[in-house]
Structures are given as C-alpha cells and as structure tokens.
Amino acid sequence: MKLLPIWFFCALGLLSFGTAHAETADSEQQIQIFSDKFDGDDVKQVAIYTGDVAVHQGTLEIHGNKLVLTVDPQGYRHAVMTPLKGKLVTFKQRRDQKTPGVEEWMHGKGNELTYDEKRNVLILTHRAEVARSENGVLKDESKGDKITYNLTHSTAIIDGNKAKGPSGRVSTVIAPRDSNMDAGKPLELQGSRRVSP
C-alpha cells in the first residue's frame with residue numbers, strides 16, 4: 001500500500017504568514033499514525049484509519065476522527081481527514097526559529113482537511129482557519145469557508161460563503177509591527193488571545 005509522502009504532512013506548515021517555514025527537522029522524522037481501527041485494501045489502494053486519529057511527525061500534529069488515504073489508477077494520492085460530528089480537524093506545527101527566544105507555531109482547523117496530489121493542493125473546508133502564534137500569543141489569523149493552498153505555486157485562496165451573510169465573509173488579522181519589541185518578548189496587545197503550542 002502506497003501512503004502519502006512525508007512532505008504532505010510537512011506542507012501543512014507552509015500555510016504561513018511570513019518567511020519562516022515549518023520545522024525543517026520534521027521532514028526527517030518518521031510519520032506515526034494512531035487510531036482505534038485500521039482497514040487497508042491493497043487491491044483498491046485504500047487505507048482507512050478511524051477513531052481518534054492522530055498523525056505525528058516531529059512537531060507536526062494532525063487530529064481528526066477518520067483518515068482515508070487512496071491512490072488512483074494514475075498513481076496520484078488523495079487523503080481526507082474528517083472529525084467527529086460537531087468537532088473540527090486540527091493541526092499544529094512549530095516553525096523554524098528566525099528570532100532567538102521567539103517560538104512560532106502554525107495552527108489550523110476545519111471541518112475537513114484534504115490533500116490532492118494530482119492538483120498538488122491542500123484544502124481546509126467549512127469553518128476553516130489558519131493562525132500563527134509567537135510564544136503562545138496569537139499574532140496572525142485568517143478565516144473562511146474554504147482555504148486552498150497550492151504547493152506548486154505557494155499561493156493561497158480563501159473563499160467566503162455569501163449564503164452565511166456577514167459571518168460568511170473572509171477575515172484576516174495581521175499583528176502590527178513593533179519596532180520597540182525586545183528580542184524574545186512579543187508585543188502583548190490588549191485583548192490578545194493565547195493559544196497553546
């Protein structure tokens with residue numbers, strides 16, 4: 001059974017707002033998939049993990065309830081992670097350190113996470129969010145109904161959902177620059193939300 005290449009999981013860290021990338025060492029780590037149940041079919045080229053599914057590779061963690069991995073007749077891989085009803089698929093990954101004393105993490109969530117190798121895209125859908133934190137303080141975030149990241153061109157498209165009215169619009173929050181910020185001490189904005197790394 002062919003499974004996804006290591007860079008699929010690392011690529012999640014590319015959903016970023018700056019120049020730093022996902023933890024480089026992660027790509028050299030083994031991928032571990034944990035679940036309550038596994039069903040594999042080599043003839044149909046399908047692997048299904050169900051029940052509290054967790055994917056780990058270095059600092060990268062992806063959590064959901066069901067992961068379906070398939071390979072089409074042309075050899076292209078396709079993966080879909082879905083959550084329990086009422087929950088969201090989540091991921092987080094540390095980024096390479098660019099400032100001493102500042103630890104950055106990428107966080108993402110959505111109703112579904114899809115990897116399409118043929119188009120070379122990652123897609124988060126329905127209540128999709130990506131965010132960046134520094135030392136546990138939320139800095140940047142984008143929300144939409146669908147976030148599509150093209151791995152070939154390093155481009156992102158965030159779609160809203162007009163049917164949901166004002167709440168269905170795309171939103172992006174970018175932290176202000178602070179030229180007086182001491183190294184390792186991120187700006188604490190009034191009302192800043194903290195996210196656990």
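Select R132 and E104 to begin: both residues are buried, where buried means under 20% relative accessible area, exposed over 50% and partly exposed in between, with a 1.4 Å probe and protein chains only. The model is predicted: local features need pLDDT of at least 70 and side-chain atom pairs count only at pLDDT 80 or more, while totals for chains, interfaces and linings use all residues. Residues are numbered from 1 along each chain as its sequence is written, and side-chain values use heavy atoms, with hydrogens and water left out.

**Stop 1**

Display the side chains of R132 and E104, which form a salt bridge with an N to O distance of 2.7 Å; the term requires a side-chain nitrogen of Lys or Arg within 4 Å of a carboxyl oxygen of Asp or Glu. This pair links distant parts of the chain, with R132 in strand β9 (residues 121-134) and E104 in strand β7 (residues 104-110), 28 residues apart. Strands (E, at least two residues) and helices (H or I, at least four) are DSSP runs, numbered from the N terminus.

R132 has a relative accessible area of 9%, and D140 is buried at 4%. A search of the whole structure finds nine salt bridges.

**Stop 2: D145 and K164**

Select D145 and K164 next; the closest N and O atoms of this salt bridge are 3.2 Å apart. D145 lies in strand β10 (residues 137-150) and K164 in the loop between β11 (155-159) and β12 (171-173), so the pair ties together parts that are 19 residues apart in sequence. D145 is buried at 14% relative accessibility, whereas K164 is partly exposed at 42%.

**Stop 3: the nonpolar core**

Which residues touch the most other members of the largest nonpolar core? Select I62, L67, M81 and L124, which hold that position among its 20 residues. Such a core is a set of buried Ala, Val, Leu, Ile, Met, Phe, Trp, Tyr and Cys residues joined through side-chain atoms within 4.5 Å. At least two core residues come from each of β3 (46-57), β4 (60-71), β5 (77-82), β6 (89-94), β8 (112-116), β9 and β10.

Centre on L67. Leaving aside neighbours within four places in sequence, its contacts include I33, Y49, V55 and M81, contact meaning heavy atoms within 4.5 Å.

**Stop 4: the aromatic pair**

The structure holds one aromatic pair, and F38 and Y49 form it in a tilted arrangement, 4.9 Å centre to centre with 50 degrees between the planes. Rings of Phe, Tyr and Trp (its six-membered ring) pair if their centres lie within 6.5 Å; planes under 30 degrees apart count as stacked, over 60 as edge-to-face and the rest as tilted. F38 belongs to strand β2 (residues 37-41) and Y49 to strand β3, eleven residues apart. F38 is partly exposed at 46% relative accessibility, and Y49 is buried at 10%.

**Stop 5: two loop residues**

Select E117, in the loop between β8 and β9. E117 is buried at 17% relative accessibility, and its side chain reaches the backbone nitrogen of R77 at 2.6 Å.

Finally, select L88, in the loop between β5 and β6. L88 is partly exposed at 22% relative accessibility. The C-alpha atoms of L88 and N111 are separated by 4.9 Å, although these residues are 23 apart along the chain.

Note on methods:
Polar contact = N/O pair within 3.5 Å; in protein donor to acceptor, adjacent residues only side chain to side chain.
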